[in-house]
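Please look over the structure shown below. The briefing that follows takes it topic by topic, beginning with a loop and ending with the surfaces near DNA.

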Number of protein chains: 2
Amino acid sequence: MIRRSLRAGAPLLQAMEQLKTVGLRPTRQRLALAQLLFERSSRHVTAEQLHGEARGAAVRVSLATVYNTLHQFTSAGLLREVVIDPGRSYFDTNTSDHHHFYDQAHCALSDIPGHAVSLAFLPQAPDGSVVERVEVIVHIRKVPR
Amino acid sequence: MIRRSLRAGAPLLQAMEQLKTVGLRPTRQRLALAQLLFERSSRHVTAEQLHGEARGAAVRVSLATVYNTLHQFTSAGLLREVVIDPGRSYFDTNTSDHHHFYDQAHCALSDIPGHAVSLAFLPQAPDGSVVERVEVIVHIRKVPR
DNA sequence: ATAGTTAATTAGAACCATTCTAATCTATTG
DNA sequence: CAATAGATTAGAATGGTTCTAATTAACTAT
């Protein structure tokens, strides 16, 4: 536990900082979930998955809290929600500029570095709107080799 | 009814053709739904919406059939499913090359012509996979003017 | 046309991810 | 340490979607 928090100390501390600045109390549950989320580098997790991991790590936390926490972290800019699968949200721990490959048949998400894609021309946003972010999803399909 | 099918005859006939080639019987329900879907040009409808429209047009059809039909039309290439809103699928009658603006706060989808966006560099798909389609979603936000 | 076969439709139940509720607990502040 | 505001919780509720098993409709070959 101590070793682990040393290894992944930076993002965890960063998360606690971020929580404080957003006015979220650093509770046992939020800290444990932050650790699970950020100790590995890039992840795409569902609420159910994270809840399962927490139970596996003997962290007592309800599914409702997992949902609350994922949404709060998303609002705080610690996570990005990826809506790509009808009826299931993924949360991406990578909030930097990047895009996704998606294999629908296998529900498999993987990252595309932001610099690997460049839009040659960004169309005019509708009047009275501003562009918040451009999301590129490359739908792929496994083929027998 | 007759006038309407004359006006929108082409896409409807095309739909019937497509149905036949895919081995779907041109039933009353499928034809009525095809007419509702394709008599206007470009649309983004949910299953519930289409079901409501059918009832409004005195077409007796169950919600289950609406779902079945939307999925069958999608498999047949007559529609494209747009997954963008957690917990609700949109079906797009425009299957030609194009992308979308999405205003999350208002659940508002609008089209971006395919030629308005061009990807300068397409990243390598993971080994054993082929790119099926590239989807660009420009997330926008309304601002007070 | 008609009988037989196969596919489609249906109402309603079931499902499942997510959200809500209202009671309990915990972190913070004075 | 008490008061208060915020967080957590179990379980119920919600809502879009899918499933089930029974009925109905379209096709095929006679």
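B:Leu122 is found in the loop between S5 and S6 of chain B, where helices (H or I, at least four residues) and strands (E, at least two) are DSSP runs, numbered from the N terminus. B:Leu122 is partly exposed, with 13 other C-beta atoms within 10 Å; a residue is called buried if 20 or more other C-beta atoms lie within 10 Å of its own, exposed if 12 or fewer, and partly exposed in between, the C-beta atoms being placed from the backbone. From C-alpha to C-alpha, B:Leu122 and B:Glu39 are 36 Å apart in space, and they are 83 residues apart in sequence.

This is a predicted model, in which local features need pLDDT of at least 70 and side-chain atom pairs count only at pLDDT 80 or more, while totals for chains, interfaces and linings use all residues. Residues are numbered from 1 along each chain as its sequence is written, and chains are lettered from A and ligands numbered from 1 in the order in which they are written.

**Chain A as a whole**

- Chain A has 5 helices and 6 strands, and from the N terminus on its elements run α-α-α-β-α-α-β-β-β-β-β.
- The C-alpha trace of chain A spans about 45 × 45 × 30 Å along its principal axes, and buried residues make up 23% of its 145 residues.
- Two residues are in contact if their C-beta atoms, placed from the backbone, lie within 7 Å; among contacts in chain A between residues at least 6 apart in sequence, 46% join residues at least 24 apart.

**Domains of chain A**

- The domain assignment, which is automatic or comes from a database, gives domain 1 (2-92) and domain 2 (98-140) in chain A.
- The C-alpha centres of domain 1 and domain 2 of chain A lie 24 Å apart, and 6 residues of domain 1 of chain A are in contact with 6 residues of domain 2 of chain A.
- On the side of domain 1 of chain A that touches domain 2 of chain A, S2(A) gives the most, with 3 residues.

**A sheet in chain A**

- Chain A holds an open sheet of 3 strands in the order S1-S3-S2, with antiparallel pairing; two strands pair if DSSP finds at least two bridges between them.
- Strand S1 (44-45) and strand S2 (80-85) of chain A stand at the edges, each with a single partner strand, so one side of each is left without a neighbour in the sheet.
- S2(A) and S3(A) pair in the antiparallel sense over 5 bridges, and the bridge partner of A:Val83 in S3(A) is A:Ser89.

**How the two chains meet**

- In the interface, 36 residues of chain B are in contact with 36 residues of chain A, and S6(B) gives the most to the side of chain B that touches chain A, with 14 residues.
- The residues of that side of chain B divide into 21 nonpolar, 7 polar and 8 charged, where Ala, Val, Leu, Ile, Met, Phe, Trp, Tyr, Cys and Pro count as nonpolar, Asp, Glu, Lys and Arg as charged, and the others, Gly among them, as polar.
- 100% of the interface residues of chain B are also interface residues in chain A, so the copies meet through the same surface.
- Strand S6 (residues 129-142) of chain A is joined to S6(B) by 13 bridges, and the two run antiparallel; the bridge partner of A:Ile137 in S6(B) is B:Glu135.

**Surfaces near the DNA strands**

- Of the 27 residues around DNA strand C, A:Ser89, B:Thr27, B:Gln29, B:Ser62 and B:Thr65 come nearest, a residue being near a strand if its C-beta atom, placed from the backbone, lies within 6 Å of it.
- The largest share of the surface near DNA strand C, 4 residues, comes from H5(B), and the residues of this surface divide into 9 nonpolar, 11 polar and 7 charged.
- Of the 27 residues around DNA strand D, A:Thr27, A:Gln29, A:Ser62, A:Thr65 and B:Ser89 come nearest.
- H5(A) gives the largest share of the surface near DNA strand D, 4 residues, and by class that surface has 9 nonpolar, 11 polar and 7 charged residues.
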